[in-house]
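I opened this notebook to record what I looked up in one structure.

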Amino acid sequence: MPFNIHQEVPQHVMEEQKAIAQALQSRLKKRFGHNPLALVHTFGCQQNVADSEKLKGILAQMGFSFTDSPEKADLILFNTCAIRENAETKVFGNIGNLKQLKAAKPSMLIGICGCMTEQPHVVEKLKKSYPYVGFVFGSHSAYLLPSLLQSCLDEGKRVFRVAPDDGCVAEGVPAVREDGVKAWMSIMYGCDNFCSYCVVPYVRGRERSRRPERILEEFKKLVQSGYKDITLLGQNVNSYGKGLEEPTDFSSLLEQLNAVPGDFRIRFMTSHPKDCTHRLIDTIARCEKVCNHIHLPVQCGSSRVLKEMNRHYDREGYLDLVNYAREKIPDVTFTSDIIVGFPGETYDEFQETLSLLREVKYISLYTFIFSPRPGTKAAAMPDPVSGEEKGKWFRELLALQDEIGMEQMHPYIGRTVRVLAEDFGRTGEGILQGRTESNLITEFPGSPSLVGQFVNIKIQSAKKWALLGQLSQ
Ligand code: 5AD
Ligand code: SF4
């Protein structure tokens, strides 16, 4: 059963939480002897970044300002990622590093939240081995942060609130956004796809969409506040709208957002190929504010392995989609996620991934070596290829993508492209960085006052990771 709008947290509950947050202000100030400072550290994907912005919004209601310094922080919150084993190891390493800080400053509050905390083995480990972690909660319970902290302070006990089967949509949580030009906005939560390697459906629960009018309201506010590049987030945005009382879909949502007046760009991720329809591609082509870049994770190029991954499309179907998008959307570019060394994948099958890369010509890739996740189907599959061998395949993949990525840059030399100036560049002082509509990073000399504006850049050369150019009319 898909979740529907009745899963929206009732407004009075949200208001109660806000009141608790505000009531905690003077108590926290007293505890720390000054206006309190929080450090919120985000591990993992953009969804987590967006969640952390909301967590900061709730902490701000309690009177917290923010710091990057663990020594200065009165409260440290880690928003964690469970997607691969090394992500978890990294988080535990970071939690371990807090032991001495807490010993030196016993009033400090330490919390762990997000995907990792929805796994029983992690909760056990936190309970047993990290006694200085005071409060733990999953992403479903983030809106309850005020009452969790209140219990922690009232009872002086550790608080654990993890509910893997729970799932709701909390509206009206304010976000503290780091960036003034680019914004991330969740349009749905959870995932129903159960790709055989992936832990996300277990830790983020069933798919549930926000109501379109809620999204529209937040989106308009972002545009009014001057955001120029807004990315719509969901594990599979292409199945947006399922389970809502008023039937709708992602194409209709894009049409509505595209119609909002203003000079801005709309991006979205992630698009699951199995639900990417011609209708959606036609919509992207028609909506001038929707960027001509599609993050369309293929995962691998072998139809047999895709079946084992439970992806519900094959190589041919994927390539048909790419070709259709190429026909309809001028200058469209693609990026993808690739997993190397799925259990049972042979070297010949891995070569099919490389040949697919040559056909699609992605501008860049997010590449991973398969990591067995507890409880997933793939974790129980025989996996005869050694880690060392997979490492070799992985390097072969990266080398090929380097060549392909570079090839994608060259045709731009001599062209003038519209770029949103986003930040300072990497290549030196006085250099700004932005992206083209098709998501190619571009660097150019310019005044910091241009940040947040669209500029025309004449491209003069290309590096592996960026186009380089000059301002032009
Ligand atoms: N091992 C390796 N990569 C994984 N991903 C998800 N689960 C795993 C896993 N167990 C990758 C997929 C997904 C991206 C977000 O992370 O490529 O698209
Ligand atoms: Fe994981 Fe597949 Fe869901 Fe993406 S679509 S979050 S890879 S299960």
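The entries below are grouped by topic, and I note at the start that the model is predicted.

**Entry 1: helix 10 and helix 12**

I began with the pair formed by helix 10, residues 278-286, and helix 12, residues 315-328. Their axes lie 10 Å apart, and the packing angle is about 25°. Because angles under 35 degrees count as roughly parallel, I recorded helix 10 as roughly parallel to helix 12. The crossing of helix 10 past helix 12 is right-handed.

I then listed the residues that make the contact. Helix 10 contributes His 278, Ile 281, Asp 282 and Ala 285, and helix 12 contributes Leu 321, Tyr 324, Ala 325 and Lys 328. Sorted by class, this contact of helix 10 with helix 12 holds five nonpolar residues, two charged residues and one polar residue.

**Entry 2: helix 13 and helix 14**

I next examined helix 13, residues 347-360, against helix 14, residues 387-409. The two axes come within 10 Å and cross at roughly 10°. Helix 13 is therefore roughly parallel to helix 14. I noted a right-handed crossing for helix 13 and helix 14.

On the helix 13 side I found Tyr 347, Phe 350, Gln 351, Thr 353, Leu 354, Leu 357 and Arg 358. On the helix 14 side they meet Trp 393, Glu 396, Leu 397, Leu 400, Gln 401 and Ile 404. The contact of helix 13 with helix 14 comprises eight nonpolar, three polar and two charged residues.

**Entry 3: the nonpolar cores**

Which residues touch the most other members of the largest nonpolar core? I found Phe 219 and Phe 250, in a core of 70 residues. Helix 12 gives the most to this core, namely six residues.

I checked the backbone for exceptions, since most peptide bonds are trans and most residues other than glycine have a negative phi. The peptide bond from Met 269 to Thr 270 is cis, with omega near 5°. Thr 270 sits in the loop between strand 11 (265-269) and helix 10.

Is Thr 270 buried or exposed? Its relative accessibility is 18%, so I recorded Thr 270 as buried, the cut-off being under 20%. Beyond its neighbours within four places in sequence, Thr 270 is in contact with Gly 234, Gln 235, Asn 236, Val 237, Asn 238, His 295 and Pro 297.

**Entry 4: positive phi values**

I recorded Asp 331 as a residue other than glycine with a positive phi, near 60°. Asp 331 lies in the loop between helix 12 and strand 13 (333-340). With a relative accessible area of 42%, Asp 331 is partly exposed.

I made a further note for Lys 361, which is not a glycine and has a positive phi of about 60°. Lys 361 belongs to the loop between helix 13 and strand 14 (364-369). Its relative accessible area is 32%, so Lys 361 is partly exposed.

Conventions: Residues numbered from 1 in each chain as written. Chains lettered and ligands numbered in written order. Predicted model: local features only at pLDDT ≥ 70, side-chain atom pairs only at ≥ 80, totals over all residues. Heavy atoms only, no water. Axes fitted to C-alpha atoms, helices over the stretch in contact; angles between N-to-C directions. Helix = DSSP H or I, 4+ residues; strand = E, 2+ residues; numbered from the N terminus. Parallel < 35°, antiparallel > 145°, perpendicular 65-115°, else oblique. Left-handed = near helix turned anticlockwise from the far one by under 90°. Contact = heavy atoms within 4.5 Å. Nonpolar A, V, L, I, M, F, W, Y, C, P; charged D, E, K, R; others polar. Core = buried A, V, L, I, M, F, W, Y, C linked by side-chain atoms within 4.5 Å. Buried < 20%, exposed > 50% of the residue type's maximum accessible area, 1.4 Å probe, protein only.
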